[in-house]
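Please walk me through this structure.

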Amino acid sequence: QYFFQTIVPFKLDDGSSLLFRPGFAVVFDQAVSNANVEGGYDNIGTDLGDVGYDLVKTGTTEKGTIWGYGLIGTIPTASNDNLGGDKWGLGPEVVLGKAGKWGAAGFVLGHQWDIAGSGNRDIDLTTMNYFYAFTLKDGWAVTGGPTITYNHEASSGEKLTLPLGIGLTKTTSIGGRPWQFKVEYWNNVVRPDEFAAEHTFRIGISPVFATPWND
């Protein structure tokens with residue numbers, strides 16, 4: 001799976017920021033559960049998933065407390081019915097964490113329901129993205145950012161996905177701009193079914209660009 005996510009910041013007069021964070025997923029040749037076909041699964045080719053997004057007002061206090069609140073949502077863009085429910089989702093989201101010379105840690109907690117759409121699969125989903133970054137020397141850091149999900153609409157025993165994750169990042173300057181390179185491993189210690197990944201290896205590249213409206 002290829003995942004593209006960008007964070008678009010807007011500085012506010014009170015020193016906080018409004019962050020818009022859309023995420024786009026492209027899936028390549030993946031097996032998905034389907035009880036209506038022989039073998040119990042389908043193979044899908046290259047398809048676009050639903051677009052998820054956050055719109056959050058956030059800031060950091062003088063004592064290093066990270067705070068935020070806003071909205072989390074889903075846009076039904078999936079090109080395959082197995083990857084989305086053809087429903088619009090929306091709900092509240094909060095951010096809480098701590099930052100210091102040692103790094104940062106915290107969580108992003110949200111819940112969304114379906115608010116529109118013609119699909120027959122309802123959205124009633126709780127997510128918690130916990131994150132941590134412990135700084136090392138020369139731009140290196142030990143990091144992790146897995147997302148725990150609880151699907152209230154799933155059958156009993158299939159609701160919870162609980163990943164544990166650890167990774168390593170390197171932040172450096174290229175062409176006068178910060179770039180971050182990351183490798184991360186997730187282990188889903190609790191997962192819904194045989195088609196949910198047990199082990200995930202992630203590679204990330206994150207460039208930082210100036211936004212002209214914040215100058």
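Six salt bridges are present in this predicted model. A salt bridge here is a side-chain nitrogen of Lys or Arg within 4 Å of a carboxyl oxygen of Asp or Glu. This is a predicted model, where local features need pLDDT of at least 70, side-chain atom pairs count only at pLDDT 80 or more, and totals for chains, interfaces and linings use all residues. Residues are numbered from 1 along each chain as its sequence is written, and side-chain values use heavy atoms, with hydrogens and water left out.

Start with K87. K87 pairs with D114, and their closest N and O atoms are 3.6 Å apart. K87 sits in strand 9 (residues 87-100) and D114 in strand 10 (residues 103-117), so the bridge ties together parts that are 27 residues apart in sequence. Strands are DSSP runs of E, at least two residues long, and helices are runs of H or I, at least four, both numbered from the N terminus. K87 is buried at 6% relative accessible area. D114 is partly exposed at 25%. Buried means under 20% relative accessible area, exposed over 50%, and partly exposed in between, with a 1.4 Å probe and protein chains only.

Now take K182 and E184. Their salt bridge has its closest N and O atoms 3.9 Å apart. K182 is partly exposed at 28%, whereas E184 is buried at 4%.

R191 and E198 form another salt bridge, at 3.7 Å from N to O. R191 is partly exposed, with a relative accessible area of 31%. E198 is partly exposed too, at 38%. Salt bridges with shared partners also link K87, D114 and D122 into one network.

Step back to the whole protein. There are 16 strands and zero helices. The radius of gyration is 19 Å, close to the 17 Å that the globule rule gives for 215 residues, so the protein is as compact as a globular protein of that length. That radius is taken over C-alpha atoms, and the rule is 2.2 Å times the number of residues to the power 0.38. Along the principal axes, the C-alpha atoms fill a box of roughly 55 × 35 × 30 Å.

What share of the residues is buried? Of the 215 residues, 30% count as buried.
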